[in-house]
Structures are given as C-alpha cells and as structure tokens.
Amino acid sequence: MVDLNLIIAEHRLLAHTSDSWIAEWLKTFFVTEDTEALHTLQLPNGGMVISVNLSQGLTLFDGSFQVRTGATPEGLLTFERSDYYITVDPSFNEANIIVYDTFALKHAMMHLYSLYIVHLGWGLLIHSSCVIDEGKAFLFSGHSGAGKSTAARLSNPRQLLSDEASIVRITAEGVTVFDSPFRSELYSEGASGSCPLTGIYLLNQSEEIFTRPIAGRDAFIRVLDKVFYWSYDPAETMKIMKLGKLLAAQVPFHDLYFQKNNLFWEKIS
C-alpha cells in the first residue's frame, strides 16, 4: 500500500493505493508532502483532509461524459461513469475511487475535488486555462474547441496556472486562482502558487482581435456551464449559484475575439 499526501491549492488529499501505476501517476502530476506532516498541519479557511482510496477496475471510456449520481443503502454518495466510480460520505471525510486507466483517474480526481470545494463553499473548478501576466491572473474559457489550450500555448513565456481546469478561490474579499494539477497538455512545475484573478475572457476565434464586456447577469449565467460539476443535491447546487454570483460581482467578464497568435495580449493587459 502506498500513502501519498497530495497538495491541491489550500487542501490536502491523503491518497491510498495498492496499484503502482496509480501511485506513479499521482506522484507525477501532484505536489506531495510527507504524510507525517498531517498530524501537525494547520489548514487555512477551515480546510479538512479528505482520505481517498484508489484502485483499478471497470471498463474503457464509452465516449459519454454523462455521470450518474445516486446513493448506497449506507448513505454514501455515488458518482458513476463507464470508466470510473466514486463513493464518498456526505461530510467528505473519506472517498473511494475505482478507475479504468489514467484518463479515468484524472477525470475522477477532478470530479471529487470539484465536489469537495463546492461542499466547503470554498470555490469552483472551471473549464478554462489561466495565465499570469505582470502579477495578475487572466482566465480564458469557452466551449469545447474554442481555444483554451491554444491561448495558453500562445501566452508563453508567461506563467501558466492551468490549461484545462482552473482552481478558483472565491470570497467576499477577492478571487484567487491556484496552480492546477489537472492538466491537458501543458504541465505544471508546481511552483506557480496562486495569483489574484483580474479578468475572465470567453474565447471566440475571429479574423479580428477585440474584446466586448459582458454584463454581470449574463456573466453569471455564462460561467455556470463552465464549472466541472454534476448536481446531486439542491443545497449543493445553491452553493454553486452563490459562488458564481460572487465571482461575477468581483471579476470583469469579456468576450475575447482572437486570432491564433499572441496579439490578443495587447487588448487585455
């Protein structure tokens, strides 16, 4: 059995697995620290440590990202896709994950972490890339294929906080984006830390480069479908609504019409 203390933003996930390939994947993509440190660890903002047991099973991804939600007779929450299966207690103290391969493992970990931070009322995991420019974070989102990874690549050599799933901490005092281990193509060195979020840009490929502000209500509506989340409880869904409204009230949203070059930075920075 391998025990790993995974660091994600302000949270700690204590992972346990007997499968060597799962342990190696976790050590490759997550920052870890000594599990002994958990005994004296003081987490900010009332954070908890969630224990996660991981094992291999199930079948190959069937092409559907739809997740079935439910509950066991013992009251555990369940989240099931063809290639992964999650059970977790309603207090988010302990979870079990069964995965078919590394693709399923990444998506299951993203799913669990998104559930976890919404449950805490801490923040949102948003389908987007995020780049630091002169000490300010800029988040790029949009529909599948809109150019999130392209915008991230074109932003080199700026620091990258995410290229697929941005970890966004939302409070009444401000909004911060943390370095994300949930990467698609451009991998983290685990050293970027966090940065205040300055703007959110919804991507549209175009022959011209320009931005257009999005009004607060429209911004709120358009950010909701970018959140990695599968609803299972109306009370938890209300937390997402509250966090989304708080995000839209504090961070300006724009449509960004861009070409596949880095000239869009002249319009936003």
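Which residue in strand 6 is the bridge partner of Ala71? In this predicted model, in which local features need pLDDT of at least 70, side-chain atom pairs count only at pLDDT 80 or more, and totals for chains, interfaces and linings use all residues, the partner of Ala71 is Leu77. Residues are numbered from 1 along each chain as its sequence is written, and side-chain values use heavy atoms, with hydrogens and water left out.

Helices (H or I, at least four residues) and strands (E, at least two) are DSSP runs numbered from the N terminus, and two strands pair if DSSP finds at least two bridges between them. On this basis, eight strands form an open sheet with mixed pairing, in the order 3-1-2-4-8-7-6-5. Strand 3 (31-33) and strand 5 (68-71) each have a single partner strand and stand at the edges, so one side of each lacks a neighbour in the sheet. From one strand to the next, the twist averages 25°, where axes are lines fitted to C-alpha atoms, for helices over the stretch in contact, and angles between N-to-C directions run from 0 to 180 degrees. Strand 5 and strand 6 (residues 77-81) run antiparallel and are joined by four bridges. Helix 2 (residues 102-120) packs on the sheet, touching strands that include strand 1 (2-8), strand 4 (49-56) and strand 8 (94-99), and its direction makes about 30° with that of strand 7 (84-88); contact here means heavy atoms within 4.5 Å.

The structure holds 18 aromatic pairs, with rings of Phe, Tyr and Trp (its six-membered ring) taken to pair if their centres lie within 6.5 Å, and with planes under 30 degrees apart counted as stacked, over 60 as edge-to-face and the rest as tilted. The rings of Tyr113 and Tyr116 have centres 6.5 Å apart and planes at 55°, so this pair is tilted. Both residues lie in helix 2, three residues apart, about one turn of the helix. Tyr113 is buried (under 20% relative accessible area, against over 50% for exposed and in between for partly exposed; 1.4 Å probe, protein chains only), with a relative accessible area of 1%, and Tyr116 is likewise buried at 1%.

Tyr113 also forms a tilted pair with Phe182, at 6.0 Å centre to centre and 40° between the planes. Because Tyr113 lies in helix 2 and Phe182 in the loop between strand 13 (174-178) and strand 14 (194-205), this pair ties together parts that are 69 residues apart in sequence. Phe182 is buried, as is Tyr113. Ring pairs link Trp25, Phe29, Phe30, Tyr113, Tyr116 and Phe182 into a cluster.
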